[in-house]
Amino acid sequence: MLVESIGFGAVVGGVLLAQSMAGKKGKTDRDKIEEVFENVYFSVRKGSGKDSYDEFPKFLNEGEWEHGHSYVYQLPKGIPFSASEKIRPAIEDALNKPVAMEWSGRLHIKVSKIRIPENVQYNCIEGKKWNVHLGLSPFGDKFIDFDKYPHMIVGGMTRKGKTVLLKSITTSLCLQNGELAQFYMLDLKGGLEFNSYANLKQVKGIADDVNSSLQILEQLNHDLDKWMENFKEQRYSNVVESGVSRRVFIIVDEGAELAKTPSTPREDKKKMDRCQAILSRIARIGGALGYRLIFCTQYPTGDTLPRQIKQNADTKVCFALPTEIASRVVLDEVGAEQLPRIPGRAILRTDETTTIQVPYDNDFTQYLKEWEREQHREESQTDGRDTKEPRQAPVHDKKPNSEASPFRY
Ligand SMILES: Nc1ncnc2c1ncn2[C@@H]1O[C@H](COP(=O)(O)OP(=O)(O)OP(=O)(O)O)[C@@H](O)[C@H]1O
């Protein structure tokens, strides 16, 4: 099987492809796709000796979809769908059009004729529950379901739109799950970015430095233990099957502020290590218990992006980065270094990889007025209840039960 050689083949193939394309005109997109298959040896070797031959994907049919054309192939047995993602950039280059790979027992190569705009206005596109709109791609609107992919890492150079993405996600989560979403924000860029969210009912804690981050994280770590005990007792293996409806989002912006450097004072080093250890634990076991981590950094390295967080984050959103190495740290592949330097333009990687334009608004909190605490207090006082929430992370003094809502600890 030659699938293993795709990486190398893709480089050689890129050159061959460029050479063979030059001077030949009138090729259809299908011709070009199949030429890429050949040039990168997207095939399995059959037979032996003189009788051996390469089996390539078999063309089945083609047709239109909403924003373009699609080509359907039967993959030879032995080539997994995931391998087709590796040759997607070569096909995109050959066609000079956005391409997405989809699987339905067959490989669908979707070619789009859409170029995404440089600005997409946030307009509260409604997903369902924890399925949240992330941006517009050449293949339509892209959503991410936090119950399917609990944790997310976000990377990208300064001023490319990481914080705007976090605000867009937070706003959508509040709009879709006003009573059930909880947020803890480690706003380590001076505490300014999420200041305007501090008064929202869903925001249970905001930290703006290492000390306050550690305080919140220790509390969350303690909560994790309680929920774990409770789940064990009730024999639940996952929050989705447990009927527990609250989800706790921990948003870290900027993660590099929790990574020690040689000049960090000794006492702070310990605190930073502890913060990273708890965040890693949340990434490792929190997903099943309803905890969702969104970890954001502009300096992706092995130190700033702890390995366990990266390994457990199935969603990667990567804005432009300066080098291939940085791109690999976030995405496990190159690409972010080639993104156009447009604020809000990012690569979204889950099972598939696509480029998105993140929606923008200069004031996301305008959509969340109904969740401001004063408003809630007035409403609740009229019906005789006081739902004022403390700004600090709540302390659990009793074991949560499986029915527990976020407001019934
Ligand atoms: N999706 C977007 N669409 C249009 N413009 C955007 C978008 N995202 C960000 N911008 C523009 O870029 C600016 C910087 O965005 P943001 O604060 O999100 O960057 P950042 O990546 O968090 O930067 P830093 O790492 O320096 O904090 C915004 O103030 C806005 O003008």
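**Getting to know a predicted chain**

Visitor: Which residues is G156 in contact with, leaving aside its neighbours within four places in sequence?
Guide: Once those neighbours within four places in sequence are left aside, G156 is in contact with G161, K162, Q298, C318, F319, A320, L321 and A346. Please keep in mind that this is a predicted model.

Visitor: Okay, and where is G156 found?
Guide: G156 is found in a loop, the one that runs between strand β9, residues 152–155, and helix α4, residues 162–176.

Visitor: Is G156 buried or exposed, and why?
Guide: G156 counts as buried because it has 26 C-beta neighbours inside 10 Å, and the cut-off for being buried is 20 or more.

Visitor: What does UniProt say about G156?
Guide: An unreviewed UniProt entry places the feature "binding site" at G156, M157, T158, R159, K160, G161, K162 and T163.

Visitor: Let's take K160 from that list. Where is its place, and what does it touch?
Guide: K160 also has its place in the loop between β9 and α4. Not counting residues up to four places away in sequence, K160 touches F319, A320 and P343. K160 is buried, because 24 other C-beta atoms lie within 10 Å.

Visitor: Stepping back, how many helices and strands are in the chain?
Guide: The chain has 10 helices and 16 strands, and 40% of its 409 residues count as buried. Among contacts with a separation of 6 or more, 67% are accounted for by residues 24 or more positions apart.

Visitor: Which residues does UniProt give for the FtsK domain?
Guide: The unreviewed UniProt entry places the feature "domain: FtsK" at residues 136–328. That span is 39% helix and 22% strand, and its end C-alpha atoms lie 23 Å apart.

Visitor: At what angle do α5 and α7 pack?
Guide: Helix α5, residues 210–234, and helix α7, residues 266–286, pack at an angle of about 35 degrees, and their axes are 9 Å apart. The crossing of α5 and α7 is left-handed. Residues making the contact include L214, L217 and L220 of α5, and M272, I278 and I282 of α7. By class, the contact has 11 nonpolar, four polar and four charged residues.

Visitor: New topic: where is the place of K129?
Guide: K129 has its place in the loop between β6, residues 107–112, and β7, residues 131–137. K129 is partly exposed, because 15 other C-beta atoms lie within 10 Å. Not counting residues up to four places away in sequence, K129 touches Q176 and N177. F146 is 17 residues apart from K129 along the chain, and the C-alpha atoms of the two are separated by 9.1 Å.

Visitor: Last one, R349. Which strand has it, and which residues is it in contact with?
Guide: R349 has its place in strand β15, residues 345–349, and, leaving aside neighbours within four places in sequence, R349 is in contact with K316 and L331. R349 counts as buried because it has 21 C-beta neighbours inside 10 Å. The C-alpha atoms of R349 and Y122, which are 227 residues apart along the chain, are separated by 21 Å.

Technical notes
Residues numbered from 1 in each chain as written. Predicted model: local features only at pLDDT ≥ 70, side-chain atom pairs only at ≥ 80, totals over all residues. UniProt positions renumbered as here; feature names shortened; annotations may be inferred. Helix = DSSP H or I, 4+ residues; strand = E, 2+ residues; numbered from the N terminus. Buried ≥ 20, exposed ≤ 12 C-beta atoms within 10 Å, placed from the backbone. Contact = placed C-beta atoms within 7 Å. Axes fitted to C-alpha atoms, helices over the stretch in contact; angles between N-to-C directions. Left-handed = near helix turned anticlockwise from the far one by under 90°. Nonpolar A, V, L, I, M, F, W, Y, C, P; charged D, E, K, R; others polar.
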